[in-house]
Number of protein chains: 2
Amino acid sequence: MGSRVLVIGGDAGGMSAAAELRRRLPESDEVVVLERTERTSYSACGIPYWVAGEVDSADDLVSRSPAEHRERGIDLRTGTEATAIDVDAGEVTICRAIPAGVPGHGPPDDTEETMGYDRLVIATGAEPVRPDLPGIDGEGIFGIQTLADGQEVIDALAQKVERVVVVGSGYVGLEMAEACTLRGFDTTVVEQRETPLSILEPALGEKIASAMRGMDITLRTGTSVTGFALDDGHVTGVEIADETLPADVVILGLGVVARTEIAQKAGLPTGAKGGIIVDSTQRVTGFDGIWAAGDCVVTRDRITDELIHVPLGTHANKQGIVVADAVAAEMLGEEPRLEFPGIVQTAITKFCNLEISRTGLGEQQARDAGFDPVVASIDTTTIAGYLPDAGDLTVLMIADRPTRRLLGTQIVGNRNAGLRIDVAATAITAGMTVDDVVMLDLAYAPPFASVWSPLLVAARATVKLLN
Amino acid sequence: MGSRVLVIGGDAGGMSAAAELRRRLPESDEVVVLERTERTSYSACGIPYWVAGEVDSADDLVSRSPAEHRERGIDLRTGTEATAIDVDAGEVTICRAIPAGVPGHGPPDDTEETMGYDRLVIATGAEPVRPDLPGIDGEGIFGIQTLADGQEVIDALAQKVERVVVVGSGYVGLEMAEACTLRGFDTTVVEQRETPLSILEPALGEKIASAMRGMDITLRTGTSVTGFALDDGHVTGVEIADETLPADVVILGLGVVARTEIAQKAGLPTGAKGGIIVDSTQRVTGFDGIWAAGDCVVTRDRITDELIHVPLGTHANKQGIVVADAVAAEMLGEEPRLEFPGIVQTAITKFCNLEISRTGLGEQQARDAGFDPVVASIDTTTIAGYLPDAGDLTVLMIADRPTRRLLGTQIVGNRNAGLRIDVAATAITAGMTVDDVVMLDLAYAPPFASVWSPLLVAARATVKLLN
């Protein structure tokens with residue numbers, strides 16, 4: 001008789017692992033996936049584009065449906081939530097009592113049952129931060145994480161809505177603010193810090209603030225939300241300092257935390273934002289037979305070795321195949337081939353006509369990690385300046401003074417700006433100095449770059465500061 | 001009294017060196033530049049966009065004019081050609097007899113004079129290959145290298161022109177063919193090989209061929225030009241096999257060779273395509289006091305160590321600052337800070353709606369260099385497939401079987417495809433394996449990439465072939 005791999009969670013991390021395991025393992029081994037919603041393998045990052053109307057339906061955001069996974073031999077149980085893990089017994093408690101807001105699902109039955117496993121993969125994802133403020137449970141206040149969340153927001157915006165307040169100005173906050181403005185709503189963003197998008201240095205954040213104003217998005221920075229005004233249980237305003245911002249719909253863009261309550265209750269180790277601590281094969285540290293992947297884990301920063309929580313589908317997918325490789329290798333008596341080497345905090349987003357990206361460490365992060373950072377910032381054009389499509393871009397580069405090593409890069413600019421961050425991410429991963437970067441053989445032709453490509457210009461400016 | 005640095009050539013390599021030298025050296029030292037045309041620091045790569053009408057005038061392609069250079073203290077002699085170098089005497093023969101086709105210049109005087117130098121920088125550039133075929137000297141047959149060449153083509157196209165034949169389908173050939181088609185001319189491209197753009201693998205070349213057909217450019221592959229039909233000295237056709245293709249204007253896109261006749265006559269060492277051989281500080285090998293930069297030199301390939309001729313403004317600019325650093329260091333008694341580490345053959349172009357790029361080695365190049373190449377090719381979307389702007393792209397990846405090292409990458413695709421090559425160029429420079437590439441933390445957000453970024457997809461496919 002074969003053994004059973006039980007995967008909790010059917011989005012990026014879980015389904016990547018399950019799909020790869022199904023390919024690697026013999027048919028006699030079971031691959032069971034428990035997914036609390038009715039959807040699998042979807043792009044939560046696509047929700048703002050769905051809300052904006054650029055994407056027609058939630059189905060478009062699904063890269064592989066439950067039916068497709070089942071066809072491939074995965075025993076996928078949707079509408080099924082794992083409520084407890086018994087590590088000693090090798091058993092998970094499951095419940096088909098679906099939480100509110102999962103569409104297309106019949107009436108819940110409250111049956112709790114247990115399911116044994118030989119190997120367990122935890123991929124429970126993350127959930128939006130809901131600060132414990134007066135009124136937070138009012139109707140019309142939404143976090144954005146699952147497609148069900150997206151559907152709820154879309155349904156809410158289809159009611160009589162004039163004013164939307166977005167709390168927080170991270171990626172999701174900005175993307176949702178833009179989507180709401182595009183849909184014609186009067187939109188306000190409230191941010192605790194002085195500039196939006198705190199993963200950027202303030203000087204670049206200013207550019208985002210200015211783009212927001214250009215789009216008639218009201219931006220309230222340096223101000224904290226103290227509560228929500230409700231009328232008959234429905235939100236009517238967001239309270240800040242001594243003022244109430246009227247709101248028919250509130251979107252929470254305060255980031256997410258790992259969804260690891262059951263892991264914590266089972267005694268598994270967790271770190272930043274509740275992320276489960278794993279080794280380089282994604283095995284839960286100190287526990288045999290249990291792996292974890294995706295938004296529910298912490299990940300090593302490749303520069304600082306710090307364990308951080310960076311919930312992104314791209315990491316989840318890679319971690320999923322690392323888990324599958326480790327689990328399959330153990331079951332098949334082979335050597336694992338893959339390790340997840342960690343991340344360099346690369347991120348990108350588009351806001352209005354700006355492409356925004358970053359990688360590595362910010363100035364303060366670098367200082368906190370014991371580096372002696374120098375910061376250079378340059379303005380140049382996205383492509384050869386004499387071509388009609390040329391736009392502007394700013395590149396900020398951070399290097400370590402004694403070692404001259406590239407530590408971080410941030411970019412804000414027009415079309416053709418953002419993806420250049422991938423070069424910096426690769427250079428940081430390789431441990432290059434800014435001198436190395438100056439001499440990189442990057443692509444040059446007028447429709448793509450000036451003869452000194454923007455990253456080379458930034459590296460030269462950084463070198464100048466170092467010399 | 002100070003010493004004199006004499007620079008021959010006032011485009012990218014020469015003027016980068018001169019400008020940087022002027023900044024570094026005391027005023028008592030002279031920086032003299034001889035430039036045979038009346039223009040400096042121009043973008044030859046921009047000529048096709050000028051011909052297409054996307055750029056209004058040649059002036060737009062000039063990043064710094066003679067007047068601007070002179071204001072900065074450079075003794076710039078335009079309309080002045082160096083005709084000989086006497087290495088032993090430390091002397092250059094100069095002549096103000098301007099070759100035909102240099103606009104804006106008074107009648108030539110034939111005075112030859114000599115000018116002594118303490119240190120010499122050769123930056124004579126490259127010139128289009130003009131094959132020794134019957135009729136090659138006919139009017140209406142143009143190579144594209146200087147702004148004067150561009151002006152001649154524009155003037156010729158302003159006459160009664162219906163049919164343009166482009167000989168060769170390299171970057172310049174393709175870009176000029178597109179420009180001519182956009183201007184409404186009946187355009188034919190003749191290529192000796194079976195697919196256009198020979199720096200791509202044939203499978204990708206096929207995609208270019210298909211784009212050309214879609215643009216109503218006639219493509220004749222596998223055929224060589226045997227001569228040119230002339231009428232009253234003016235070209236009327238291009239002869240191939242037993243056929244004459246009617247042509248009012250012919251554009252030569254057969255590549256360039258280094259313009260190093262005077263260097264060769266002076267006994268300086270040259271290699272591929274006549275490029276001057278230099279060391280890593282761009283000093284001419286075996287000669288003290290002489291440096292060279294730009295399209296007139298050969299350059300080390302960072303993978304194979306082979307010396308190759310890759311004339312590109314981006315290399316010329318870097319080599320120019322390396323020369324300046326070496327010369328200034330020697331004059332000021334300092335240690336040089338810079339070395340030119342070589343290139344990885346990165347190149348990019350845009351043709352019709354396709355972005356085309358490559359870096360590293362092609363399959364045959366890899367084999368010739370003693371590697372055991374595996375080649376994977378994948379098709380994916382430029383950005384998240386569910387967004388309305390998503391286009392197609394193909395990534396071809398080449399790795400060395402025993403070491404798993406990334407050797408080369410080629411990309412053909414729609415908008416947002418081409419610049420991804422820079423990641424591969426950086427990874428190759430760092431000596432990464434394809435396994436390393438799979439785990440790179442590249443930017444992910446729906447408007448920029450699928451959750452598996454195209455290069456990661458290609459790297460996974462390559463790994464699969466290796467395992």
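1. Contact here is a C-beta matter: two residues touch if those atoms, placed from the backbone, lie within 7 Å. On that basis, 52 residues from chain A and 52 residues from chain B make up the contact between the chains. Keep in mind that this is a predicted model, with local features needing pLDDT of at least 70, side-chain atom pairs counting only at pLDDT 80 or more, and totals for chains, interfaces and linings using all residues. As for labels, residues are numbered from 1 along each chain as its sequence is written, while chains are lettered from A and ligands numbered from 1 in the order in which they are written.

2. Which elements of chain A give two or more residues to the side that touches chain B? They are helix H8 (313-332), strand E21 (347-351) and helix H10 (421-429) of chain A. (Helices, H or I with at least four residues, and strands, E with at least two, are DSSP runs numbered from the N terminus.) H10(A) gives the most, with seven residues. By residue class, this side of chain A divides into 34 nonpolar, 11 polar and seven charged. The classes work like this: Ala, Val, Leu, Ile, Met, Phe, Trp, Tyr, Cys and Pro are nonpolar, Asp, Glu, Lys and Arg are charged, and the others, Gly among them, are polar.

3. On symmetry: a rotation of 180 degrees, with 0.0 Å of shift along its axis, superposes chain A on chain B at an RMSD of 0.0 Å. The two copies are thus related as by a two-fold rotation axis.

4. Now the H10 pair. H10(A) and helix H10 (residues 421-429) of chain B pack at about 15 degrees, with their axes 8 Å apart. Axes are lines fitted to C-alpha atoms, for helices over the stretch in contact, and angles run from 0 to 180 degrees between N-to-C directions. Asp422(A), Val423(A), Thr426(A) and Ala427(A) in H10(A) meet Asp422(B), Val423(B), Thr426(B) and Ala427(B) in H10(B). The residues of this helix contact split into four nonpolar, two polar and two charged.

5. Chain B has an open sheet of five strands in the order E9-E16-E10-E11-E12, with parallel pairing. Strands pair if DSSP finds at least two bridges between them. Strand E9 (141-143) and strand E12 (218-220) of chain B are the edges, each pairing on one side only. The twist averages 20 degrees from one strand to the next. Strand E11 (residues 186-190) of chain B pairs with E12(B) over three bridges, and Val190(B) stands opposite Arg220(B). Helix H5 (residues 171-182) of chain B lies across strand E10 (163-167), E11 and strand E16 (249-252) of chain B, running at about 165 degrees to E11(B).

6. Strand E5 (residues 91-95) of chain A pairs with E6(A) over five bridges, with Val92(A) opposite Met115(A).

Key
Least-squares fit on C-alpha atoms with pLDDT ≥ 70 in both.
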